[in-house]
There are 2 protein chains.
Amino acid sequence: MDNIKSYVGQHKDRFINELVELLKIPSVSADSAYSQDVINTAEAVKESLEKAGCDKVELCETPGYPIVYGEKFIDPNLPTVLVYGHYDVQPPDPVELWTSPPFEPVIKETELHPEGAIFARGACDDKGQMYMHVKALEYMTQNGNLPCNVKFMIEGEEEVGSPSLSWFVERNQEKLKNDVILISDTGMISNTQPSITTGLRGLSYVEVEVTGPNRDLHSGLYGGAVANPINILAKMIAQLHDENNHITIPGFYDRVEELSREERDEMAKAPFSLEAYKRALDIDDVYGEATYTTNERNSIRPTLDVNGIWGGYIGEGAKTVIASKAYAKISMRLVPDQDWKEITELFTKHFESIAPKGVKVKVTPHHGGQAYVTPIDSIGYQAAAAAYEESFGVKPIPVRSGGSIPIVALFEKELKSKTIMMGFGLDSDAIHSPNEHFGVFNYLKGIETIPLFYKYFTEMTK
Amino acid sequence: MDNIKSYVGQHKDRFINELVELLKIPSVSADSAYSQDVINTAEAVKESLEKAGCDKVELCETPGYPIVYGEKFIDPNLPTVLVYGHYDVQPPDPVELWTSPPFEPVIKETELHPEGAIFARGACDDKGQMYMHVKALEYMTQNGNLPCNVKFMIEGEEEVGSPSLSWFVERNQEKLKNDVILISDTGMISNTQPSITTGLRGLSYVEVEVTGPNRDLHSGLYGGAVANPINILAKMIAQLHDENNHITIPGFYDRVEELSREERDEMAKAPFSLEAYKRALDIDDVYGEATYTTNERNSIRPTLDVNGIWGGYIGEGAKTVIASKAYAKISMRLVPDQDWKEITELFTKHFESIAPKGVKVKVTPHHGGQAYVTPIDSIGYQAAAAAYEESFGVKPIPVRSGGSIPIVALFEKELKSKTIMMGFGLDSDAIHSPNEHFGVFNYLKGIETIPLFYKYFTEMTK
């Protein structure tokens, strides 16, 4: 695979242009207004896999959006890598904060990306990182050095909790049989210090509704005499954390994996500047659970955040109204060995229990997933580490991520194989935020590194 | 004025149709999208005053929407009544909860309005009640029995706090000179038990903005490590009340007028059924400040309510984001002798003081006004009481309202005259809510009663 660098250098403009075309399609899975675009994106991914050399590609129907399945089979005696990715993206709002339209990709230089970065929703999460695998396959098939069998499973519902994926995986265990699962949907420490994500947090996402009076009321005539659903919702949300920012839901911490002092000291070695962190976010201080560091708070500790809240009059000007209803979207990040279904039940029970008389409360679970940890002594991890070291010239560091890819735990359960998370994005890429971008360097480096994983994984498996 | 009943009976259909036409114009002052409609409404009111017999009508320019001024002058030796009303209306949202479009008036029967009620935004507040005065004037000029001079001042910014009215009043004290101010922008106990509003609460309306990180963040990567503006805003709002639902802003209660046990007992005599109140709102219990009754909570006690809240992802589905900003609109109802400007400062100071590190807080005052109390021994009150008693056959009860008409205090200060609040609406008319309506009985009864006020006020003044 000595010519991988030269092949990428030779085709880089085309690689970038192909990704830009894919990014132009607004495949927002959370909003049904974009459903046709999501489907069009699936079609585009299917074509790209065919062009890249898969000898069998299909759009697999599911109860939701189709899953793009592709495979290149060369020898039953060789190992099989299953690549997972997703072609859907987060909603772009608030759109007004984008410096360029979210679905009109442009390449701009940034402090961290002197070679330029592609700005567009999905540039990093996950179209860009998913497409690296497509181009890596193209390289290996074009150069006749694909060392093993490969399967692709690219879904379109990851950003809404992959409701159809388990349905699909349970029904296609033979088709999806593999020796290792490869995902690029995470990040690395920096462009000079690669890292491999060995832990993911689980997730429980719920929506709550607080109902007071049966209609909106004049706040002058009723103010102070009836429970105001917005004030009550605020009060209930405030009660979910205590003065140490511990979550107050009874039983919430019962199964939480407590790391040893040694493990925590090991984690603390990862390069991190609290000053730079605060500067980057323009905050005067961090905020979180007492007795834990920032890196612990967002990786090995469970959290509860309100992701959205709304109620009453939110238009221009003033309206003296007491709303009939108030709403919030609340998500909890979970750690090993919390069970997301159990946590969802604990939340629901607790939230209903703290509602005062005068209001009715409804909790609707959205979706969830289990946390996951990858053993670093596995062949998959070793192969990935060797690939990074060869292409970056630096040994990658194993890190726990605060993010969630709920389906990773599902894969282990259903497909009985380990997942390796080779991420090439940076925290600063603003995924899920306005002005999401993906470094051109990172994109091309990913295409360079992935074939090396195939090589080492095949060698180590023999 | 013996023929007033027959005149109203004879022209009732026209009176209703004229009001319906006025209600069709969506004069929403809070939303600049409707600005042309607001101006068109002013024009329509001007025409109606000319037709009703004013000998001088003009649209007076202000920094905001024009004020319609009209007058009918018959004798400098006779007293002058100044009628105040407003032609703007509250925003209609949530529009989906209206059973008929808010600006397509329809007449429907209700339990409390067997003779039918006009359903439309502004039907009661205040187009319907304001137009009663226009038709009352028509009756008196048509029948040559107008007993005194009359002036009209109808504004178009009441629902946004009358920002231009004080500007106008201060500059036109001579023009607005009067012996009593008459307003119909309140309600009465029931169609069989009229009441006169003798007290109004003051108001301080602010908007707050809580800013955390400088951009929306992925809740997995940052959750638990940075202050989430929505969680913080909820926490700060929750802190504004203690466990007895007392407002915790230091100094907030310092100037609050404490009523004597006797006054409270007197108030408690007004007919009220807590069961019916709860049933009407479909709530299992009321909620408010400890040691006060429902009727005290919404009339003689100051309150703090969130009128709107928003932040983060509020669209369909789920988005795992930590918002950069969260917002709320908060209003405080004030009682004599709280000063709304002082309260706004106290709120701002307190709200900023409870913001934790990690967020920035901005408080923007919207508008406000002072509370007001009318003495029941004034000629104006006595004349109004006599008018109600003659047209309803029942003595009216003086009541304190929880609502606010900030400009009433302004009138007393600038024009040195008392304001009489002759309201003909019912609490159930859903002003500021979907399906606002105004009883046909109430509308016509108002037109019948108002000329009697002119008669008695003129007689008692002699």
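**Entry 1: terms and ground rules**

I start with a definition: buried means under 20% relative accessible area, exposed means over 50%, and partly exposed is in between (1.4 Å probe, protein chains only). Glu389(A), with a relative accessible area of 35%, is partly exposed.

I note that this is a predicted model, where local features need pLDDT of at least 70, side-chain atom pairs count only at pLDDT 80 or more, and totals for chains, interfaces and linings use all residues. Residues are numbered from 1 along each chain as its sequence is written, chains are lettered from A and ligands numbered from 1 in the order in which they are written, and side-chain values use heavy atoms, with hydrogens and water left out.

**Entry 2: the two copies**

A rotation of 180° with 0.1 Å of shift along its axis superposes chain A on chain B, with an RMSD of 0.1 Å (least squares on the C-alpha atoms of residues with pLDDT of at least 70 in both). The two copies are therefore related as by a two-fold rotation axis. The same surface serves both copies, as 99% of the contact residues of chain A recur in chain B; contact means heavy atoms within 4.5 Å.

**Entry 3: the interface**

How many residues of chain A are in contact with chain B? I find 91 residues of chain A in contact with 90 residues of chain B. The area buried between the chains is about 7,700 Å², and carbon and sulfur atoms give 52% of it. Here buried area is the accessible area (1.4 Å probe) that two parts lose on being put together, summed over both. On the chain A side, Tyr287(A), Ile309(A) and Lys319(A) lose the most area to chain B, together 9% of what that side buries.

I also found three salt bridges across the interface of chain A and chain B. The rule asks for a side-chain nitrogen of Lys or Arg within 4 Å of a carboxyl oxygen of Asp or Glu. Asp282(A) and Lys360(B) meet in a salt bridge at 3.8 Å, N to O.

Over all chains, the structure holds 51 salt bridges.

- Glu18(A) and Arg14(A) have their closest N and O atoms 2.8 Å apart. They are four residues apart in helix α1 (residues 4-23) of chain A, so about one helical turn separates them.
- Glu257(A) and Arg400(A) meet at 3.3 Å, N to O. Glu257(A) lies in the loop between α6 and α7 and Arg400(A) in strand β16, so the pair ties together parts 143 residues apart in sequence. Helices (H or I, at least four residues) and strands (E, at least two) are DSSP runs, numbered from the N terminus.
- Lys395(A) and Glu389(A) have their closest N and O atoms 3.2 Å apart. Lys395(A) counts as exposed at 57% relative accessibility.

**Entry 4: the inside**

The largest nonpolar core has 76 residues, and Tyr443(B), Phe453(B) and Tyr454(B) have the most contacts inside it. Such a core is a set of buried Ala, Val, Leu, Ile, Met, Phe, Trp, Tyr and Cys residues joined through side-chain atoms within 4.5 Å. Helix α13 (residues 440-461) of chain B gives the largest share, ten residues.

Is helix α12 of chain B largely enclosed or open? Seven of its nine residues are buried, so α12(B) is largely enclosed by the rest of the structure. Among the buried ones are Ile407(B) and Phe411(B). Just after α12(B), Lys416(B) takes a positive phi of about 55°.
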